[in-house]
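Let's take a walk through this structure together, beginning at the ligand and ending at the charged pairs. Have the model open so that you can follow along.

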Amino acid sequence: MRLDQFIAKHTEYSQQTARLLIAAGRVQINQQTARDGQQNIDRFTTVQLDDRLLQQQTALYFMLYKPGGYLSATRDPVHTTVTELFTEPLRQHLHIAGRLDRSTTGLLVLTNDGLWSRRLTEPGRRIPKVYLVSTAEPIAEHAAAYFERGIHLAREGVDTSPAQLQLLSPCQARLTIHEGRHHQVKRMFHAVGNRVVALHRESMGDITLDTSLVPGEYRPLSAPEVDSVRR
Ligand code: URA
């Protein structure tokens with residue numbers, strides 16, 4: 001929404017008067033005097049008219065080391081959810097950017113910025129997600145080539161996009177995928193006759209799970225981590 005429209009919506013003034021107020025230097029945007037009534041206001045822009053605060057909402061971005069057994073949901077009647085690991089006022093504002101299965105551990109990103117989380121998770125942006133995978137059986141030699149070519153997912157009627165498999169030991173590998181379909185990693189290993197017994201997400205794009213966090217701990221994302229998603 002444009003600044004003059006925003007002022008008209010949140011005060012008793014018309015859009016025309018709003019433009020005069022802006023020209024008179026009475027409107028502040030993020031603590032700077034506004035000059036342009038056409039400038040765009042989003043829900044994280046702080047807007048002040050004289051000493052009246054019209055909007056102030058802080059954008060929140062966190063990484064959580066998700067422990068196993070927690071549901072990637074904001075509330076659930078049965079299972080403990082990941083948002084319960086956050087303190088009370090924070091908890092109500094956050095949503096999850098890229099869910100993990102209940103048993104999966106590792107990097108989970110939470111935010112109150114819907115535009116930003118869509119950018120992180122949109123399949124079209126092909127942001128790489130890196131997983132550490134432990135399997136029940138030794139990983140077949142042909143698995144890497146299969147994953148690179150794409151596995152057919154019958155339910156969606158689509159092929160997975162090329163994924164990179166790095167073998168770490170007979171039953172352990174690092175897998176990079178570029179989309180986030182339901183149970184994708186487990187279904188990919190199932191397609192090559194294997195079974196995932198442990199799954200851990202290490203990174204999403206330039207956001208890597210902080211090694212100083214222990215399961216259940218979280219920290220705010222740094223400015224470069226937040227900006228990496230906007231690029
Ligand atoms: N793929 C899965 O199968 N499970 C997850 O939690 C994440 C990716």
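Predicted model: local features only at pLDDT ≥ 70, side-chain atom pairs only at ≥ 80, totals over all residues.

Start by finding the ligand: the space it takes is the largest pocket.

At Asp-101, a backbone N or O atom sits 2.7 Å from an oxygen atom of the ligand. Thr-104 takes part through its side chain, where an N or O atom is 2.9 Å from a ligand oxygen. Lys-186 uses its backbone, with an N or O atom 3.1 Å from an oxygen atom of the ligand. How much of the ligand's accessible area does the protein cover? On its own the ligand has 240 Å² of accessible area, and the protein covers 95% of that.

Let's move on to the charged pairs. Side chains of opposite charge can pair when their charged atoms come close. The model has 14 salt bridges. One of them joins Arg-26 and Asp-50, whose closest N and O atoms are 2.6 Å apart. This pair links distant parts of the chain, its partners being 24 residues apart. Arg-26 lies in the loop between α2 (15-23) and β1 (27-29), while Asp-50 lies in the loop between β3 (47-49) and β4 (52-55).

Conventions. Residues numbered from 1 in each chain as written. Heavy atoms only, no water. Polar contact = N/O pair within 3.5 Å; in protein donor to acceptor, adjacent residues only side chain to side chain. Areas by Shrake-Rupley, 256 points an atom, 1.4 Å probe, with all protein chains shown as cover. 1 Å grid on protein atoms, 1.4 Å probe; cavity = no way out; pocket = protein on both sides within 12 Å on 5 of 7 lines; lining within 4 Å. Sits in = over half its atoms within 2 Å of the grid points. Salt bridge = Lys/Arg side-chain N within 4 Å of Asp/Glu carboxyl O. Helix = DSSP H or I, 4+ residues; strand = E, 2+ residues; numbered from the N terminus.
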